[in-house]
Each structure stands twice: as structure tokens, then as C-alpha cells.
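Here is a friendly walk through one protein chain, from a few individual residues out to the whole fold. Please keep the viewer open while you read.

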Amino acid sequence: MMKAPIELQDLRQRIGAKAKAEPEWRFWGLYVHVCKTETLRAAYKMAKENNGAPGIDGVRFEVIERNGVDSFLEQIRNELVSSSYRPMRNRRKEIPKGNGKVRVLGIPTIKDRVVQGALKLILEPIFEADFQNGSYGYRPGRSQADAVTRVGQAIAQGKTKVIDLDLKGYFDNIRHHIVFEKVARRVNDDKVMHLLKLVLKANGKRGVPQGGVISPLLSNLYLNDMDRQLERLKTETSSGTWPYMEYARYADDTVILVDGHETRAGLLNAAMTVVERELERAQVELNREKTRTVDLAKGECFTFLGFEFRRVRAKSGKWRPDRKPGGKARNNLTKKVKEICEANRSKPVSKLISEINPVLRGWVGYFRIGNSAKAFQYVREWVERKVRRHMMRARQRKGFGWKRWSSQWIYDVLGLYNDYGIRYHGESVSCR
């Protein structure tokens with residue numbers, strides 16, 4: 001991850017410290033820092049590090065580098081200072097989600113990514129000071145693995161009643177006027193607010209585009225009041241330092257876990273009341289059909305961030321959390337590998353493996369923190385068979401060539417991905 005220059009780091013640290021020390025403080029004079037060449041350069045480096053496809057103007061990083069980054073940034077700075085900057089519409093890209101549905105990404109131009117990145121660099125430390133411990137999505141120093149671990153720890157502590165929340169079209173339906181109200185609680189800078197309005201309104205009357213640089217920050221801010229109220233309920237109902245409730249949110253994916261003892265049934269209802277009230281205030285619609293209450297003590301399960309969570313009994317006799325790739329996650333992987341195999345049907349096996357390996361590396365790297373050994377074994381054997389069939393088909397033969405090629409040769413010589421080790425992410429697994 002690219003680090004900001006020392007002066008910019010120092011500015012962000014000072015802003016963050018001020019925001020933490022004075023929760024009611026409204027910051028002014030921020031726009032001048034957004035416009036600084038140093039901030040824009042840092043935003044450009046972040047955009048280049050993330051690479052990504054070009055926006056609607058078709059301009060790529062290679063073109064900008066060839067023509068000169070300094071002149072590119074100077075043009076942006078002049079437009080910001082003169083208030084002549086106008087963002088372009090995002091380029092729409094549809095990503096299949098399964099069941100015939102798609103997720104629409106909004107890809108800004110590189111120029112707009114730089115502006116959004118500069119705005120984020122200055123605003124992020126303010127709102128990071130306000131965000132709650134249960135929020136993990138796209139935050140500095142936090143990851144999906146941390147959120148998954150938090151849920152596992154809650155199950156280990158006997159929190160077996162679970163509310164699995166589902167929100168309808170969250171990113172597409174965020175109300176801009178509510179975003180502005182939430183930002184304005186901490187920002188007293190008309191130029192920053194105007195720039196933010198330009199960024200959001202460039203792509204419609206509501207919603208924040210998935211793919212926008214500043215979208216994750218704004219989407220977290222939008223649900224922060226819900227997080228705050230859940231944190232408050234958790235604290236008020238704790239017994240000393242022992243909480244009877246926990247929650248974890250990653251963007252719009254949220255689960256709430258409550259102690260399974262029958263005396264805590266009211267806490268489950270209280271948590272749901274908080275959620276419904278705060279979502280109504282934010283004009284976010286709860287998907288009633290997919291939102292459900294799960295009882296892990298009855299053998300039920302739920303899915304969070306692609307992991308399927310259950311409670312199982314360990315060899316010691318104690319209960320522990322069990323998390324492994326959900327069926328949907330595994331199906332998505334096999335579908336992707338099938339598509340790669342089909343696209344490379346007449347290509348050399350080396351080409352096939354070069355495209356399969358990054359997909360496997362990313363998928364296994366994500367799920368290796370769970371109880372994924374059986375799922376990994378299935379995937380490993382399934383992919384190996386696909387590679388074998390590819391080679392046998394090239395020879396116009398049937399079967400999988402078990403006698404012709406050893407598994408060791410396929411992994412060691414051809415280089416098919418073979419790192420399926422499990423690495424737990426710092427979690428206590430025994431339930432009380």
C-alpha cells in the first residue's frame with residue numbers, strides 16, 4: 001500500500017487527532033489541502049497502484065505518463081482552484097453476481113479518481129475518528145479477515161442467536177441530501193461541500209457508485225449512526241467487561257450476534273429495533289425476505305463475507321465456531337475456472353494454467369483463514385481434473401491421464417497452483 005508523503009501524513013494525523021479529541025468540532029479550511037499538488041500527487045499514486053480500467057474518456061495511465069504527470073496534476077489543480085472542475089460520468093461495467101443478476105460498477109476517469117482520492121485523503125481522518133469498532137469495510141488497517149475473526153470470536157463466547165441483515169440495493173439508493181447532512185456535521189467548508197456535490201451528482205440523483213474512490217468512505221459514514229447505536233446497546237447491556245451482544249459490518253454486509261441464553265431474548269429484539277429505526281432514518285430499505293434470525297445452537301448456519309458459519313463440537317467436547325467457504329463462493333470459483341478452460345480450449349496447457357493460477361491464489365488466499373481444508377481438497381482435485389482433461393483432449397483421448405502424468409509433475413513442472421495450507425487469523429476457538 002502506498003504511503004502518503006511525510007507532510008501529508010502529518011496533516012492527516014493532526015486532523016485525526018483533533019477529530020478524536022473534539023467529537024463536535026467542525027473543520028474548516030480543508031479545500032486548500034485538497035488542492036495541494038502534494039495531495040493530488042499522492043492521490044494519483046494511489047490510483048495508479050490500484051490500476052483499473054479507463055473511464056468513459058478512454059484515457060489510460062500510459063498516456064498520462066507519456067504526456068507528463070506533472071502537467072496532468074497541474075491542470076487538475078488549476079481547475080480545482082478556479083472552481084472550473086467538472087467530473088465526467090462514470091463508465092458502467094456489469095459484473096455477474098449469479099442468478100441472472102449483475103453488480104454495476106461505476107468506473108471514474110483517472111482524472112476524477114485523482115480528485116476523489118485527494119478529497120478522501122483529507123476527509124478520511126475526520127470520519128475515521130467517528131467510526132465504530134464493529135465497522136470493517138474499506139478502512140485503514142482493517143480487513144475482511146478481521147471482520148470474519150470478530151464473528152468467530154463472538155460465536156466462541158456463546159453468542160449463538162444471530163440476525164443476518166440484508167439491505168436492498170444499498171449503494172444505489174443512498175440519498176445524497178442525507179450524505180451531505182452527515183458530512184456537514186464535521187465539515188464547515190463550502191468549497192469541499194460543493195466539490196462533494198459535483199462528484200455525487202455527476203452520476204445521478206441518488207446512490208454512490210461502486211468503483212468510486214470516495215464511495216467506501218461515504219457508504220461507511222451513511223451507516224455510522226446505526227453502528228453507534230449498536231455499540232451503545234452492546235455497552236449498556238454488558239456485564240462488566242463481558243458483552244452479551246456483538247456485531248460486525250463490512251460495507252452493507254452486517255451480522256448481529258447475541259448470547260444464546262433464554263434470558264437474552266429481549267436483547268435480540270432490542271438490536272433489531274435499533275436497526276429498523278436507524279435504517280428508516282437513513283431511508284435504507286431492509287430486505288425482509290433475506291433478513292433472518294438464525295439459532296446456531298439448533299444447528300442452523302449463516303453466511304457472512306462468503307464464509308458459512310456454524311457452531312460445532314470440538315474433540316475436547318467444547319463448542320467452537322466453524323467457518324468455511326459458502327456454497328455460493330465455491331460455485332462462483334468453479335464457474336470462473338470453467339469459463340477459463342472453455343476460453344483456452346485450443347490453447348497450450350501453460351496458457352491455461354497461467355490464467356487459472358491467479359484465480360486460485362486469490363480465492364484460496366481469502367478463505368484460508370477458515371476451516372476450509374475439505375473445501376480446498378475438493379477444489380484442488382477438481383481443478384487438477386480440469387487440467388488433465390485439457391491435456392487429454394489436446395491428444396484426442398478420453399480420460400484424465402492418471403498413468404501418463406503424475407500429480408507431482410503437474411504441480412512441480414507445469415506449475416499448477418498448489419498452496420492450499422490453512423492459516424488461522426488469531427482467534428480463540430473454544431466456547432465457554
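## Asn 344 and its surroundings

Once neighbours within four places in sequence are set aside, Asn 344 is in contact with Lys 351, Leu 352, Glu 355 and His 390, where contact means heavy atoms within 4.5 Å. This is a predicted model, in which local features need pLDDT of at least 70 and side-chain atom pairs count only at pLDDT 80 or more, while totals for chains, interfaces and linings use all residues. Residues are numbered from 1 along each chain as its sequence is written, and side-chain values use heavy atoms, with hydrogens and water left out.

Asn 344 is found in the loop between helix 13 (327–343) and helix 14. Helices (H or I, at least four residues) and strands (E, at least two) are DSSP runs, numbered from the N terminus. Is Asn 344 buried or exposed? Its relative accessibility is 1%, so Asn 344 counts as buried; the cut-offs are under 20% relative accessible area for buried, over 50% for exposed, and partly exposed in between (1.4 Å probe, protein chains only). From Asn 344 to Asn 78, 266 residues apart in sequence, the C-alpha to C-alpha distance is 48 Å.

## Loop residues with positive phi

Asn 51 has a phi near 55 degrees, a positive value in a residue other than glycine. Gln 283 also is not a glycine, and has a positive phi of about 55 degrees. Asn 51 sits in the loop between helix 3 (37–50) and helix 4 (61–67), and Gln 283 in the loop between helix 12 (265–281) and strand 6 (292–295).

The table puts some relative accessibilities side by side.

| Residue | Relative accessibility | Class |
|---|---|---|
| Asn 51 | 47% | partly exposed |
| Gln 283 | 38% | partly exposed |
| Tyr 366 | 23% | partly exposed |
| Phe 307 | 0% | buried |

## An aromatic cluster

Now to the rings. A pair of aromatic rings is described by the distance of the centres and the angle of the planes. Here, rings of Phe, Tyr and Trp (its six-membered ring) pair if their centres lie within 6.5 Å; planes under 30 degrees apart count as stacked, over 60 as edge-to-face and the rest as tilted. How many aromatic pairs does this rule give? The count comes to 15 aromatic pairs. In one of them, the ring centres of Phe 307 and Tyr 366 are 5.5 Å apart and the planes are at 35 degrees, so the pair is tilted. This pair links distant parts of the chain, with Phe 307 in strand 8 (residues 307–313) and Tyr 366 in helix 14 (residues 349–367), 59 residues apart.

Both rings belong to one aromatic cluster, formed by Phe 302, Phe 307, Phe 309, Trp 363, Tyr 366, Phe 367, Phe 376, Tyr 417 and Tyr 420. Not counting residues up to four places away in sequence, Tyr 366 touches Gln 144, Leu 305 and Phe 307.

Arg 150 is found in helix 7 (residues 144–156) and is buried, with a relative accessible area of 12%. Beyond its neighbours within four places in sequence, Arg 150 is in contact with Asn 133, Gly 134, Tyr 136, Lys 234, Glu 246, Tyr 247 and Ala 248.

Ala 248 is also touched by Asp 253, along with Phe 304 and Leu 305, again not counting residues up to four places away in sequence. Asp 253 lies in strand 5 (residues 253–258).

## The whole chain

Stepping back, the chain has 16 helices and nine strands. With 432 residues, a compact globule would have a radius of gyration near 22 Å, and the chain's 24 Å agrees; this radius is taken over C-alpha atoms, and the globule rule is 2.2 Å times the number of residues to the power 0.38. The C-alpha trace spans about 70 × 65 × 40 Å along its principal axes. Of the 432 residues, 49% count as buried. Among contacts with a separation of 6 or more, 71% come from residues 24 or more positions apart.
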